[in-house]
Amino acid sequence: MTLSLALLALVPLLPLAAAQSPVWGQCGGIGWTGPTTCAAGSTCTVSNAYYSQCLPSSTAPTTTVTSTQTSTAPSSTPPAAGSGLNTLAKSIGKLYFGTATDNNELSDTAYRAILNNNAMFGQITPANSMKWDATEPSQGVFTFTNGDTIANLAKTNGQLLRGHNCVWYNQLPSWVSGGKFTTAQLTSIIQNHCGTLVGHFKGQTYAWDVVNEPFNDDGSWRADVFYNTLNTQYVTIAFNAARAADPAAKLYINDYNIEQAGAKATAMQNLIRSLKSAGTPIDGVGLQCHFIVGQVPSTLKSNIQTFASLGVEVALTELDIRMTLPSSTTSLNQQKTDYQTVVSACASVSGCIGITLWDFTDKYSWVPNTFSGQGAACPWDSNLVQKPAYSGIAAAL
């Protein structure tokens, strides 16, 4: 009897324990209806009026709050951060906040639960399944199985889809990269590939990265089968083929290291001016934003504005911010600041229409396999737990 009474006495405490938010989880904010207490060792800490997060007690600022929010919402109240990053982005006039994904990740149930939430992600980019080697491995033989899977997922979830990509020097089948083509032959090959690819997904994609990474870092044109055979004309050929295949899709050119003022950004700006002057159907430019912790370009915002002033949409298309491993409290907090800086730069320029993470979790990040000794580049860790970077993004939005 005594044991039974003791157990009964514990019952009321169980919901309280279960309702605690984990470390790095949300614990408050205007409109928040989830857990408002934090797991042991963490403290509920204000990021802004709409978002409070359980930070480890050793890293939390000295100013903390209880679970009750007393802030008065403005007359036009943005949604709470708990509603998701896409909801926040749309509340400030952006078209979407999205993420890349890949087919091999879709069997991960916990990952899918986050990916499928269109309040968190309003847009999806297939990381690999629409590239040339995946869609036309042999000349004239197209396969869209994996691309269709992600396109259908976006449709089911009510998310926008960005196509990635039509023409790129990398991930080409050998019949393209090693081909010895005349100008007429390669023109036809580009037209057929871009037209068939974009045409297959007609009506399903918001935008396409039509040409990807055409420049070297010094602003010179990258030497590849396309440039070597057709000079700069391959860009126009690709854009015209994409427009003919889907007149409604936004057509982008996409590159990295054009986020800051310099030779590469200038070359891209000059190309966009030239294409628009010639009547080439270009609608947008993608700034990839593969950054390093502590090294976000100081000219990012002004450069976004410069691109927008050319009369094209600007999108941050492949955002991640990597660090030297192992991560530390210091590097994670700097990463939070950096994510906030990047997202704030887009938020402050009306011509910047959306942001895409290059996958949202370290579990599936491309970084460790590409940059030795580096990683932890995403706002969710490898256990799908939100890192400080998440609250930096939410604060910026």
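Modeller: The answer below begins with the pocket and then turns to its surroundings. This is a predicted model, in which local features need pLDDT of at least 70 and side-chain atom pairs count only at pLDDT 80 or more, whereas totals for chains, interfaces and linings use all residues. Residues are numbered from 1 along each chain as its sequence is written, and side-chain values use heavy atoms, with hydrogens and water left out.

The largest pocket holds about 700 Å³ of space. A pocket here is an open set of points on a 1 Å grid over the protein atoms alone where a 1.4 Å probe fits, with protein on both sides within 12 Å along at least five of seven lines. Its volume is the space filled by probe spheres set on the points, which are joined across faces, edges and corners. Lining residues, those with an atom within 4 Å of a point, number 35, and His290, Glu318, Trp358, Trp366 and Thr370 lie nearest the centre. Two or more lining residues come from each of β4 (96-101), β6 (160-168), β10 (290-292), β11 (313-324) and α14 (367-370). Helices (H or I, at least four residues) and strands (E, at least two) are DSSP runs, numbered from the N terminus. Strand β10 gives the largest share, three residues. By type, the lining comprises 12 nonpolar residues (Ala, Val, Leu, Ile, Met, Phe, Trp, Tyr, Cys and Pro), nine charged (Asp, Glu, Lys and Arg) and 14 polar (the others, Gly among them).

Strands β10 and β11 also belong to the cover over the buried residues of helix α12, together with elements including α11 (263-277) and α13 (329-347). Those buried residues of α12 (300-308) are Leu300, Asn303, Ile304, Phe307 and Ala308, where buried means under 20% relative accessible area with a 1.4 Å probe, protein chains only. Seen down the axis of α12, they fall within an arc of 140 degrees, taken from the directions from the helix axis to the C-beta atoms, so they line one face of the helix.

Lysine 94 is placed in the loop between α3 (85-91) and β4. Its relative accessibility is 8%, so lysine 94 counts as buried. Leaving aside neighbours within four places in sequence, the contacts of lysine 94 (heavy atoms within 4.5 Å) include Ala89, Cys346, Ser350 and Ile353. Serine 350 is 256 residues from lysine 94 in sequence, yet their C-alpha atoms are 8.0 Å apart.

Notes: Buried means under 20% relative accessible area, exposed over 50%, partly exposed in between (1.4 Å probe, protein chains only).
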